[in-house]
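Please keep the structure in view while reading.

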Amino acid sequence: MTIRKKTKEVTTTELLLPPEEPSLLFAQRELIRTNGIDFEKWWDEFKVGFVNGKRDKATNFKTSLWTKPKYSNITPMTSTSGATTIEYWPDKDKPKDSYLLSGTTSDLIAGITAIMREKSIESQGLSGKGSKPLLKGFPTIKLVFRSEEGIEGVKQIRCVGFTEDAKIASFSKSVELLKESDINRWANKIKTIFGDTSYIWKKGVSCLTYSGMVARLQGLEGWAYVQSEVDGVELFTAILKIFEQKPDKDGFNFSEKTNKAQFVPKTLDAEAGETKLVLGKSLPATKYRPKASCKFFGASLYLDSLKKSIPLVRGNVVLSLNL
């Protein structure tokens, strides 16, 4: 004979803490919200610039000149989510430049440091090649243009969607491991677009920038000194053709220089004998940006794992790969 014991059915309300003992529930929620970090104490350390001059070992990130930040807690009094919402100013003297951040204490700290990292890159400026710095593990193509006077121009584009790092490729479905066939395809594209047409970059004193999310995803966010807006758009369009892409028209911003006298090259006498060697010729070294017709000279591929670049094209000749 089997005896079945009748179990008591427990209602949901019986699982809740009684009104006289809310402290445990509050402590539990507070621990989840703060992740064990006192945001006010962290902020007191952060606002005096405790990271100034130090580098992140993982990313080699270094802060720029420190500016005093500011934040205001704007979490609604009626909020029951447990999240904290703040308005954050990277520079308290620039009230128009603010960000809304919301989440746990760790979320807020991560958001603030991410903004600081982005601001540091902006303050350091783009690289001398007129585009974003190289990303570790991602290949980059550099195009070189030269004038008869020895004026040189360099543009670079990241090979978006490709990596030389097998680990990165294995973890990302949207990134392919770089193959020799990819490199050969790009080299032939460059030959057709730039080499066969003897492409001319008309360098000038005005600046055309190409920026925004689309430009960043295309790997061509940067700038170029040009003689006209049309010339600049043509240059960025030609570079994107290597990867069969088209530019985002809304990403262009043209700035025409009004004080063009500051870009006039110094005379040879003023250079005090400063020269540079270009293709075997000794030419005066100019310190100002002159107008010049820079003809396509060649292109090379840069990989993070190699100390030397891989020449792809010289003029209208595709070079054999020498890895």
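## Cysteines

A residue is called buried under 20% relative accessible area, exposed over 50%, and partly exposed in between (1.4 Å probe, protein chains only). Cys 294 is buried, at 0% relative accessible area, and Cys 159 is buried as well, at 1%. With a disulfide taken as a pair of cysteine sulfur atoms within 2.5 Å, the count is 0 disulfides.

## Basis of the report

The model is predicted, so local features need pLDDT of at least 70 and side-chain atom pairs count only at pLDDT 80 or more, while totals for chains, interfaces and linings use all residues. Residues are numbered from 1 along each chain as its sequence is written, and side-chain values use heavy atoms, with hydrogens and water left out.

## Backbone angles

Most residues other than glycine have a negative phi. Ser 198 has a positive phi, near 50°; this residue is in the loop between helix 5 (180-195) and strand 8, and is partly exposed at 33% relative accessibility. Helices (H or I, at least four residues) and strands (E, at least two) are DSSP runs, numbered from the N terminus.

Glu 244 also has a positive phi, near 55°. Glu 244 is in the loop between helix 7 and strand 11 (252-255), and is exposed at 65% relative accessibility.
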